[in-house]
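This briefing covers charged side-chain pairs and nonpolar packing in one protein model. Please view the sequence and the structure before reading the points that follow.

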Amino acid sequence: MPSETATKRGRPGYDQQSVLLIAVDVFNRHGYDATSMGILAENLGISKSAIYHHVPSKGDLLKLALEHALGGLEAILEQPEAVTGAADARLEFVLRQTIAVLVERLPFVTLLLRLRGNTDIERDALERRRAFDHKVAALISDAREEGTLRQDIDPRTVTRLLFGTINSIVEWYKPGGSLSPERLADDVITMAFDGLHASA
């Protein structure tokens, strides 16, 4: 059971998670490269040495943040619904869960999607993200081969448009608004699988 000290809310920045949350917000606003430990300390309202008490470097903060985003996405592909059954059902499950992770971990996924690949940490994260994307693209190909997805659109175009649609959510979605994460996922899936034409 956590001690009262561990669970007590006090000044910001005095546990690793609160440092990380504010750091991710600052990285997203200013860009990772442009953010110094001094800027982080100013936003946290603590000294640079207090940050170093929790993490050895700015890079370690980035690594923790990206692990939070990537770990959530990669875990989707290990769930039974992602590996068994018809390919189109697996694809729908993976897309729904991807949207759920994106909404639940919005600042972290936003950071992941804005990476430029300037450091080893960023390049490693981008490689993991590409691996995830390739696995989803393989599901699209499998569904085409099974005959449950239309054959007249280039599968590379389908993949890019699906990812483009889902990734754009980080730019406009506001958690806590009138559009729930579940309705958001329903709308994306309906548009992706059924198109925009009204039912006859």
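**Salt bridges and nonpolar core**

E92 and R96 are 4 residues apart in helix α7 (residues 87–104), which puts about one helical turn between them. Helices here are DSSP runs of H or I with at least four residues, numbered from the N terminus. The side chains of E92 and R96 form a salt bridge with an N to O distance of 3.1 Å; the term stands for a side-chain nitrogen of Lys or Arg within 4 Å of a carboxyl oxygen of Asp or Glu.

The model is predicted: local features need pLDDT of at least 70 and side-chain atom pairs count only at pLDDT 80 or more, while totals for chains, interfaces and linings use all residues. Residues are numbered from 1 along each chain as its sequence is written, and side-chain values use heavy atoms, with hydrogens and water left out.

**Accessibility of the α7 pair**

- E92 is partly exposed at 28% relative accessibility, where buried means under 20% relative accessible area, exposed over 50%, and partly exposed in between (1.4 Å probe, protein chains only).
- R96 is also partly exposed, at 26% relative accessibility.

**Salt bridges between segments**

- The whole structure contains 12 salt bridges.
- One of them joins R128 and E74, whose closest N and O atoms lie 2.7 Å apart.
- R128 belongs to helix α9 (residues 120–146) and E74 to helix α5 (residues 58–76), so this pair ties together parts 54 residues apart in sequence.
- R128 has 26% relative accessibility and counts as partly exposed; E74 is partly exposed with a relative accessible area of 26%.
- A network of salt bridges links E67, E74 and R128.
- Another salt bridge brings together the side chains of E171 and R114, at 3.1 Å from N to O.
- E171 sits in helix α10 (residues 155–172) and R114 in the loop between α8 (106–113) and α9, so the pair connects parts that are 57 residues apart in sequence.
- R114 is partly exposed, with 40% relative accessibility.

**Nonpolar core**

- The largest nonpolar core has 58 residues, and I51 and V94 have the most contacts inside it.
- Such a core is a set of buried Ala, Val, Leu, Ile, Met, Phe, Trp, Tyr and Cys residues joined through side-chain atoms within 4.5 Å.
- Helix α7 gives the most to this core, with 9 residues.
- Leaving aside residues up to four places away in sequence, I51 touches V19, M37, L40, A41, L44 and I46, contact meaning heavy atoms within 4.5 Å.
- In soluble globular proteins, nonpolar side chains tend to be buried together.

Key:
Helices (H or I, at least four residues) and strands (E, at least two) are DSSP runs, numbered from the N terminus.
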